[in-house]
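Welcome! Let us walk through this structure together, one stop at a time.

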Amino acid sequence: MNRIDFVSAAEAARLIKSGDHVFIQGSTSIPETLVAAMADRGSELRDVTVYVAFAVARGEAPYCRPEYRDSFLVESFFVSNSVREWIDAGYGSVIPRFLGEVPSLFRSGVCPVDVALINCSLPDKDGYVSFGVSADLATSAVECARTVIAQINPHMPFSYGDPVIHISRLAAAVQVDDPLVEVPTPEPTADEIAIGNYIAERIPDGATLQIGVGGIPNAVLRALGDHRHLGLHTEAMTDGVLPLLESGVIDNSLKHVMPGKSVASLALGSRALYDAMDHNPDMIFKDVAWTNDPFIIGSNPRVAAINSCLEIDLTGQICADSIGTKIYSGIGGQHDFVYGASRSEGGMSFLAMLSTSRRGHNKIKPLLTPGAGVVTTRFQTHYVVTEHGIADLRGRSLPERARLLIGLAAPQFREELERAAAERFGYSFLRLKV
């Protein structure tokens, strides 16, 4: 069967029953038409658990309405902009888990999936559609779901790898014409450019890159233009890699895992990125349980993992998911790639941030903010980078770490940090030369 019999979104949404566990695809591919149709049934449904994760939405999720608080129970593996206020208000909740381990929750039945809502490409000649920009959790959710409902969307690129399903597997399909969310590439600031240069200087030719999302990762990519034979094995693919692919800087020739291929689990960027992905056999998208497996990551040589964080304490503990007790985002793949890089021959990991917040608050602290979560432990932290420099914490004692990290703080906060370090570590800190 290679022909799709389309139904209306309202008809498709009737397949969702009270008590179901519904997975909603994320990245820049939230199936908005299907989600809206599900929300329209809010007055009829009760106790529908909604699983969401990393996503970039156009606005607040339509099921996050006070009158639906007993209809849709939001459980998030990564707090995105569409549900952040709902969770902050105490209506939704967070399931802590390394992103690469979430598929095991689905496959083991710990987090059952009854219905998967996905956003798919047009079918190929053999009747297969692709859920393109978001293999990540969608691969395992679709595999486990009793009912798969898709919106068929000409704007979705057909990507190769795991996010492919035959139309015979679809319980219902809805025809839409919904452009994907586009995430513009931010222009790096002078401070972000400085951070990018510090990191790029330490990345050798032949490295395998994992790049996060945002101004700092893009600054790193811009600074790699003179490198050679880089590889890409990452969680998120962004616009920043396109110039390096086009110039041949990223050629994947020295990777050990899928050599010759750029590997990612999701994509978010502009239409140019989505077009570059479409039917491109050199870009492969895989289940996040595979891309984020530290043992697979570590099989590549010279892995360079670049991630961001929210704050760090003087011992090297990294917080990347919360502001105090408020969960702001999630772990994503930071831990997976930090550990994977440590297993790689010649591997290195970078945790980067601006030294102060937008409001001018210090982000290098004597102690993490009460309630802040430790995403990367002090035992795993390698390089820490701010606009004031870069510090290699490997093999460093706690007082030595404190001295190095104080040098990365904004100058106006260094005296305060010196006093805190001296009080905490005593003479072992004071004897260290500045």
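A salt bridge is a side-chain nitrogen of Lys or Arg within 4 Å of a carboxyl oxygen of Asp or Glu. Keep that in mind as you look at this model, which is a predicted one.

Our first stop is Asp239, found in the loop that runs between β13 (236-237) and α8 (242-247). Asp239 is buried, yet it has no salt bridge. The nearest side chain of opposite charge belongs to Arg222, and that is 9.8 Å away.

Next, the cysteines. A disulfide is a covalent bond between the sulfur atoms of two cysteines. Take Cys144, which is in no disulfide: the nearest cysteine sulfur, in Cys111, is 11 Å away. Cys144 is partly exposed, with a relative accessible area of 25%. Cys319, by contrast, is buried, and its relative accessible area is 0%. The closest cysteine sulfur to that of Cys319 lies in Cys309, at 8.6 Å, which is too far for a bond.

Our last stop is a pair of helices, α13 (residues 398-406) and α14 (residues 414-425). Their axes come within 10 Å and cross at roughly 175°. Angles over 145 degrees count as roughly antiparallel, so that is how α13 and α14 are oriented to each other. On the α13 side, the contact is made by Leu398, Pro399, Ala402, Arg403 and Ile406. From α14 come Arg414, Leu417, Glu418, Ala421 and Phe425.

Technical notes:
Residues are numbered from 1 along each chain as its sequence is written. This is a predicted model: local features need pLDDT of at least 70, side-chain atom pairs count only at pLDDT 80 or more; totals for chains, interfaces and linings use all residues. Side-chain values use heavy atoms; hydrogens and water are left out. Helices (H or I, at least four residues) and strands (E, at least two) are DSSP runs, numbered from the N terminus. Buried means under 20% relative accessible area, exposed over 50%, partly exposed in between (1.4 Å probe, protein chains only). Lys and Arg count as positive and Asp and Glu as negative; His and the chain ends are not counted. A disulfide is a pair of cysteine sulfur atoms within 2.5 Å. Axes are lines fitted to C-alpha atoms, for helices over the stretch in contact, and angles run from 0 to 180 degrees between N-to-C directions. Angles under 35 degrees count as roughly parallel, over 145 as roughly antiparallel, 65 to 115 as roughly perpendicular and the rest as oblique. Contact means heavy atoms within 4.5 Å.
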